[in-house]
Amino acid sequence: FWDRSLQEVWVKSLVNGSETFIAGGDGFSRNRPNWSRDGQQLAYARFRSVNPEHTRLEFSIVIVPAAGGEEKELFPALGPMGDVALDWSPDGAWILENSETLTPGRFLIGLLPIAAAPHADALRKVITGSPNYNLWQAQFSPDGRWVAFCAVDAPGGSLSRVYVVPASGGPWVQTRTENTGKTNRAGRQTGGHFISFQTELVSTTFGGFASIGQTASPPESLFV
C-alpha cells in the first residue's frame, strides 16, 4: 500500500468529461470520497505516514467544497488509521463513519458532528458496535432514520451479513440474505424496498439486492 502513488481527489463531469482537481500533491493521501446529499461537498479520509515503518499516521476525516477549496478537518489524530468517512446525514450535519478509535481491533459505526470541527471526535456519537464483529460499509436510508451495514465475523472472518439498525441505535435487523462468502458494499437505493449489496464467492463478485425482513423490521419504504 505505502509503495503506491499518493491518492488525489478529482471530480469528473459525466456530462462533458471535464475534470476538476480537488486536493492532493501535499504529501497526504486521500481515499473514499463521499458526496453530500446536495452535491455541494465531499468528505474523505486524509492521511500520511510519520515514521519509516508506516505504523503511525497523521490522519483525519476532512470535508471540502465539491468545486474545490480549503479542506476542513473534523479532527486531528496520530496513530494507526482508525476512522473512515462512509456517508452524510440527509441534513448535512453529520458524517457517518467506521471507527476503531474507541474500540481498537473492532470497527464500530459512529457519527461525527461537522459543526464541532476541529474537535468532532470529542462529540462522536456511537450508533452500534460489537465485540464479535467488525462493521463496514454503512449507509443512511434516504430519510436518515436507518443505517444499513455489513457485519463481518471477527477476527479474520470470511462470513458477512447485511443488517439495518435505527440511526439512533438499537437492535440489529438482519435482511433476507446470508452468504458463505464475503458480502460488502451495502448501498442506498433511490426509493426504498431494497438494499443493494455486492458479494464475493470463489473470487467472483456478484451484484444483488437484499429485501428487508418483516419481523421487527424497518418499514418497507426503507430505501425506495
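Strands β13 (residues 146-153) and β14 (residues 160-166) run antiparallel to each other and share seven bridges; two strands count as paired if DSSP finds at least two bridges between them. Strands here are DSSP runs of E with at least two residues, numbered from the N terminus. Along this pair, A148 sits opposite V164 in β14.

Before going further: this is a predicted model, where local features need pLDDT of at least 70 and side-chain atom pairs count only at pLDDT 80 or more, while totals for chains, interfaces and linings use all residues. Residues are numbered from 1 along each chain as its sequence is written, and side-chain values use heavy atoms, with hydrogens and water left out.

Back to the sheet. β13 and β14 belong to an open, antiparallel sheet of four strands in the order β12-β13-β14-β15. β12 (133-140) and β15 (173-174) are at the edges with a single partner strand each, so one side of each has no neighbour in the sheet.

Now for β10 (residues 108-113). Six of its six residues are buried, so the strand is largely enclosed by the rest of the structure. Buried means under 20% relative accessible area, exposed means over 50%, and partly exposed is in between (1.4 Å probe, protein chains only). In a regular strand, side chains alternate between the two faces of the sheet. Both faces of β10 are covered, with L108, G110 and L112 buried on one side and I109, L111 and P113 buried on the other.

β10 pairs antiparallel with β9 (residues 94-99) over six bridges, and W94 stands opposite P113 there. β10 also pairs antiparallel with β11 (residues 125-128) over three bridges, where T128 is the bridge partner of I109.

How many salt bridges are there? The count is 10, taking a salt bridge as a side-chain nitrogen of Lys or Arg within 4 Å of a carboxyl oxygen of Asp or Glu. Among them are these:

| Pair | N to O distance |
|---|---|
| R30 and E71 | 2.7 Å |
| R124 and E97 | 2.5 Å |
| D143 and R145 | 4.0 Å |

R30 and E71 meet in a salt bridge. R30 is in β3 (residues 29-35) and E71 in the loop between β5 (57-65) and β6 (72-73), so the pair ties together parts 41 residues apart in sequence. R30 is buried at 2% relative accessible area, and E71 is buried at 17%. D26, R30, R46, E71 and E73 are linked in a salt-bridge network.

R124 and E97 are both buried. D143, by contrast, is partly exposed at 44%, and R145 is partly exposed at 48%.
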